[in-house]
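Hi everyone, thanks for coming. I'd like to walk you through a structure that may be new to you, so please have a look at it with me.

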Amino acid sequence: MADEPQKKPHLSALVGHTNGLTKPASLAAAATRAGGGGGGSATASSKKLVIKNFRERPKLPDNYTQDTWQKLHEAVGAIQSSISIKYNLEELYQAVENLCSYKVSATLYKQLRQVCEDHVKAQILQFREYPFLVHRNDSLDSLLFLKKINKCWQDHCRQMIMIRSIFLFLDRTYVLQNSMLPSIWDMGLELFRNHVISDKQVQNKTIDGILLLIERERNGEAVDRSLLRSLLSMLSDLQQVYKESFEQRFLEETNCLYAAEGQRLMQEREVPEYLHHVSKRLEEEGDRVITYLDHSTQKPLIACVEKQLLGEHLSAILQKGLDNLLDENRISDLTQMYQLFSRVKGGQQILLQHWSEYIKNFGTTIVVNPEKDKDMVQELLDFKDKVDHIIEVCFQKNEKFINLMKESFETFINKRPNKPAELIAKYVDSKLRAGNKEATDEELERILDKIMIIFRFIHGKDVFEAFYKKDLAKRLLVGKSASVDAEKSMLSKLKHECGAAFTSKLEGMFKDMELSKDVMVQFKQYMQNQSDPGNIDLTVNILTMGYWPTYTPMEVHLNSEMIKLQEVFKTFYLGKHSGRKLQWQTTLGHAVLKAEFKEGKKEFQVSLFQTLVLLMFNEGDEFSFEEIKMATGV
């Protein structure tokens, strides 16, 4: 008898644990009593208990496996019936561990699967009894069915979580070591898929109901999104059910819906409203993916909406509304159009083509109409500002749109050869001429920069040069230039754009004006040494013929005092520069005349020809046209 406690401690521990006992001393005492000796407790208290390391695992008590499984079976049944479990969960977990330790894992797994399968099979009956002959549009019946299937699914998930927690040791040992076996959770999914959701009636009714709810939501109704989320999560968890049975039908119905909607709304709505609707639909579908659809559906779903609402109508949208949006400078609508077209294959390309056509058509109306010549350059500048703003704000500074805009400007601005070049030169003259109070120096610089952009597009740059040189000469010779700095800035821009050869003569004109100032300082000193300096204050600009525009000489009848001064200057200049020839350009002359009237003194700033005419009235009060013509030689 004394040897028995040493032979059975391990068995006592196993039995004890299944009964919720945890202390080894108590287990040993229980084992001693089981052996039939009345002095078991005295032995336990007086002798040290030694547990030897047996080479062979002791046998389980008779009926232990069967009794333990019965207990586990009852616990699983209680979970599936949603009633309280009689046993402690820790006790049940330990029971599973004990069974696994004694190589009954395979049997345990099969038994558990069978119990779960029997329960899941029983669930299908409630759906088979459900009235399936109701039309899909009976949304109330459909909704009740969806709630019923969702409750069944939620109950199943909750049950499998609890069952797995009890059989966790089995799941983490035996199942993990057998790759062919599904985990307990996956086994539960497999059973639900095979026996509930794979039932054709149940599956069709479920998917019909889900699609009906989505359709109602798309039509603006409020639906139970949490129900949709739960059901679609169920289909996703059941592996291929979501892809093969739901997603395919969902995308087909989405395609049909938006194909019809696109056709109808393109007829009913103006382009801005239609684009707003497309954006709204894309946003709604994106929200559906976030809220209840599987993430994998996003790409084909959005592609479907884009194709049916945008891709099929790209040309129609542009033909119907682009010109109007551009004419009215509808920035937000153009931004939305660009963003939407950028989403669709070929969208940007067709938008580019229509953008180019618009620029060429609109620009041509500015350039080819002679009635618009007066405002042509300003309209070109305004139009360029407008398209630049659209590219920057609406088209995200897209290089393709910038480059095509430049090509389009170059195309239309040269449809009328030479005239734009001439008018641009005259426009620059109007800005650089004295008396232009429209702009500060900074604003003038910005205007010149914008002019240079338009200048780049014209082919007839030699025509521009001719007119620019003529106007520059007039500004310099008559002293009408608003700012030397602005003149030189413009010259620098032209040099940078066209090269030094283009501006060499223009630079020569400035050089002549600088040298003429030096000559006049010397001439003033020379005149102070003359016995009769006269009443006229003469200023002469010495022009190098190759630099300046070609002027036709005109012989006019100057008065004697003017002729005398001319000769004095000629003697002075040729005395310093022998071998040179002076040719007087009377067409470029100007004068300031002082006049005395009864009301007071006045000064006239006039050309040399006007001077000759006015001086005649010192000799008389009235002259005929022929008399003036003969007297002045003009």
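**A first look around**

The chain exposes about 35600 Å², and carbon and sulfur atoms supply 51% of that area; accessible areas come from the Shrake-Rupley method with a 1.4 Å probe, and for residues only the protein chains shown count as cover. Before going on, a word on the source: this is a predicted model, where local features need pLDDT of at least 70 and side-chain atom pairs count only at pLDDT 80 or more, while totals for chains, interfaces and linings use all residues. Residues are numbered from 1 along each chain as its sequence is written, and side-chain values use heavy atoms, with hydrogens and water left out.

The secondary structure comes to 28 helices and two strands (DSSP runs numbered from the N terminus: helices are H or I with at least four residues, strands are E with at least two). Of the 634 residues, 42% count as buried; buried means under 20% relative accessible area, exposed over 50%, and partly exposed in between, with a 1.4 Å probe and protein chains only.

Now to the salt bridges, meaning a side-chain nitrogen of Lys or Arg within 4 Å of a carboxyl oxygen of Asp or Glu. How many salt bridges does the structure hold? There are 38. In one of them, the side chains of E91 and K71 meet at 3.6 Å, N to O. This pair links distant parts of the chain, with E91 in helix 6 and K71 in helix 5, 20 residues apart. E91 is buried at 15% relative accessibility, and K71 is buried at 18%.

Another pair is E357 and K360, at 3.5 Å, N to O. Why can we speak of one turn here? E357 and K360 are three residues apart in helix 18, so about one helical turn separates them.

Then take E445 and K493, whose closest N and O atoms are 2.6 Å apart. Here helix 22 provides E445 and helix 24 provides K493, 48 residues apart. E445 is partly exposed at 28% relative accessibility, whereas K493 is buried at 16%.

Last stop: the loop between helix 25 and helix 26, where T539 is found. T539 is exposed, with a relative accessible area of 55%. Leaving aside neighbours within four places in sequence, T539 is in contact with M520 and K524, contact meaning heavy atoms within 4.5 Å.
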